[in-house]
Amino acid sequence: MTGPIFPGSSVKAASAAELRFRLDYPLAPSRGVRVVALDSGAELMVRKVAETPWTKAKFFVAETAISTQGMHGGPVEVVFRSLDGAVALLNDELEDVDSIIMVASSDYGSEAAATIGAACAVRGIMTAGLVHGDNTELTVSVLRPCAQVLLVPADGSDLEALLIALRA
Amino acid sequence: MLRQEINELLTQTGPETPMGDLFRQYWIPALLAEELPENDCPPVRVKILSERLLGFRDSEGRYGLIDEFCAHRGVSLWFGRNEENGLRCAYHGWKYDVTGQCVEVPSESSNSRFCSNVKLKSYPLVKIGDILWTFMGDQDKTPPFPEYEFALVPSTQTFTSKRLQESNWLQALEGGIDSSHVSWLHSSGLNNDPLFKGAEGNKYNLGDLKPHFEVVETDGGLYIGARRNADDDSYYWRITPWLMPSFTMVPPRGDHPLHGHFWIPIDDENCWVYTFDYQPVRDLTAAERQAMKDGFGVHSENIPGTYIPVRNKSNDYLMDRDAQKRGETFSGVGGIAIQDASLQESMGPIVDRTKERLATTDAGIIKARAKLRKAAIALREEGKIPEGVDPAHHRVRSASVVLPRDQAFIESVPEKLKARPGVRQASV
Ligand code: FES
Ligand SMILES: [Fe+2]
């Protein structure tokens with residue numbers, strides 16, 4: 001069958017031999033990923049994954065959602081604790097971030113999850129939710145409203161695969 | 001991204017490779033039944049998982065899949081004569097049966113036992129539905145036959161085609177898992193294609209370009225649910241099952257048939273795409289069947305007498321920029337299947353996954369790769385039979401449903417994701 005092969009067509013460059021002539025460029029790491037454990041079950045899993053050195057990913061445990069500043073009464077801030085115990089605030093940690101990965105194993109962190117989801121929506125930050133442990137249905141109901149992608153169920157190796165894929 | 005060594009692990013399926021061993025745990029399509037239409041018909045060359053084989057059907061209707069090359073001096077048995085329950089090499093007349101057993105060596109004396117010691121490698125070839133299936137693993141561990149619904153319904157309700165794709169199997173499969181491209185690449189098909197158009201769900205599909213995803217692990221693979229806004233109080237869900245290693249189903253539209261694909265490696269740089277359409281509870285209409293033969297829906301128009309698409313790499317897929325300008329196609333390439341093939345082939349024979357920049361919305365692809373890698377390693381290290389070998393895993397269906405906003409597909413419609421004889425598909 002004949003047909004248009006356009007002048008300057010590069011379709012033939014899609015061969016194995018031609019692949020090596022592709023422009024090579026350094027791999028930029030992603031702008032930033034934050035992993036947030038929403039409860040103690042999730043924290044265990046996140047701690048394990050955080051032992052591997054990552055380029056840009058930072059890991060936190062969500063402590064409390066602060067509701068006092070909310071214009072409409074809802075929480076606007078979440079207190080984070082980094083894995084070595086330092087305190088941080090959600091709104092500071094969202095600077096220069098592409099994606100937030102929330103990990104939950106219960107409904108304990110539902111308020112924090114909702115607050116994080118809302119803050120990310122405003123800033124156009126991608127949200128993923130990892131449903132860890134056996135308490136699937138309850139945990140899903142916490143993460144579903146505030147995550148663009150849910151993994152059901154998910155363990156440490158899923159978090160790792162996701163972080164590698166994102167070049168975190 | 002993916003590390004280079006994992007990309008190699010997932011994309012190489014020849015003998016002795018980890019993914020090759022994984023594929024060899026399953027019954028997989030080797031040919032369409034129509035390729036061996038009658039007893040003593042011409043043999044067909046089959047390259048699959050990088051092995052060169054020959055399929056043939058003997059005088060009594062037995063199917064066989066044997067080494068392509070004669071044990072005597074290595075000529076292709078494709079030139080052989082298929083006669084009197086065996087295939088006779090055209091060079092010096094050695095003859096083989098469907099199991100690859102040499103049954104005659106004309107140069108030997110008639111009472112010689114020589115030929116009983118000559119046996120070509122062979123695999124079973126079994127017709128189920130419109131497909132001839134093979135199992136290329138350890139024949140002592142042959143699993144039960146496959147039970148995919150499209151292959152089990154009466155022949156009046158099902159249609160299967162195939163096409164060559166000039167790319168590694170994995171980037172083809174990943175297109176089947178990634179349903180978010182439908183609202184872009186195939187947008188015009190939703191309005192024009194006779195096997196897609198007119199469904200209520202299409203307007204939701206086109207109306208919300210930022211779907212949410214839920215990736216749910218199942219016994220045999222994954223369900224990937226894509227959620228789009230429907231009405232104020234409801235969501236439109238499209239649910240794609242993926243079964244290990246390379247079976248996907250596309251969520252249906254309206255009363256159109258259910259469809260899906262098998263992505264079968266030919267070698268590491270080419271694959272066969274088997275594409276099926278079926279109706280669980282009714283016959284396909286003559287118009288539906290004709291549209292499939294003509295390459296509409298997810299099928300392709302092939303060069304007559306071949307399984308090579310008319311629109312292919314050698315002719316720029318008959319790129320039509322004017323049709324694109326007129327809004328008839330999004331990419332300028334006609335036909336849903338070839339829209340996919342053109343882009344997946346453009347990545348190169350084996351895409352370099354160390355360079356890709358995935359986003360969280362690619363979680364379905366990320367999870368599928370992780371499952372394949374784990375299964376290949378568990379098979380190699382522990383001899384663990386992978387998911388998707390058990391025929392119970394095959395009985396899945398895709399679905400499209402509109403649900404209240406507070407309900408999710410996996411809790412609300414688990415039964416709609418199962419193949420249920422006599423029950424219509426869940427489709428909007
Ligand atoms: S090569 Fe086949 S019979 Fe000699
Ligand atoms: Fe597609």
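Predicted model: local features only at pLDDT ≥ 70, side-chain atom pairs only at ≥ 80, totals over all residues.
**Figure 1. The site of the iron ion (ligand 2) and its protein donors.** The site is irregular, the angles among its 4 donor atoms running from 59 to 148°.

Figure 2. Along the sequence, the donor residues follow the spacing H-x4-H-x153-D. B:H186 belongs to the loop between helix 5 (182-185) and helix 6 (187-192) of chain B, whereas B:D340 belongs to helix 10 (residues 336-346) of chain B; the pair therefore ties together parts that are 154 residues apart in sequence. Both B:H186 and B:D340 are buried.

**Figure 3. Buried and exposed residues of helix 8 (residues 286-293) of chain B.** The buried residues of this helix are B:E288, B:A291 and B:M292. Seen down the axis of helix 8 of chain B, these residues fall within an arc of 100°, so they line one face of the helix. An α-helix has 3.6 residues a turn, so residues three or four places apart point the same way. On the other side of helix 8 of chain B, B:A286, B:A287 and B:K293 are exposed.

**Figure 4. The surroundings of helix 8 of chain B.** The buried residues of helix 8 pack against strand 12 (158-165) and strand 18 (270-278) of chain B. Helix 8 of chain B is followed by B:G295, which has a positive phi, near 95°.

Note on methods. Residues numbered from 1 in each chain as written. Chains lettered and ligands numbered in written order. Heavy atoms only, no water. Buried < 20%, exposed > 50% of the residue type's maximum accessible area, 1.4 Å probe, protein only. Helix = DSSP H or I, 4+ residues; strand = E, 2+ residues; numbered from the N terminus. Arc of directions from axis to C-beta. Contact = heavy atoms within 4.5 Å. Donors = N, O, S within 2.8 Å, 3.2 Å for Na, K, Ca; no water. Tetrahedral: all angles 85-135°; square planar, octahedral: opposite > 155°, others 65-115°.
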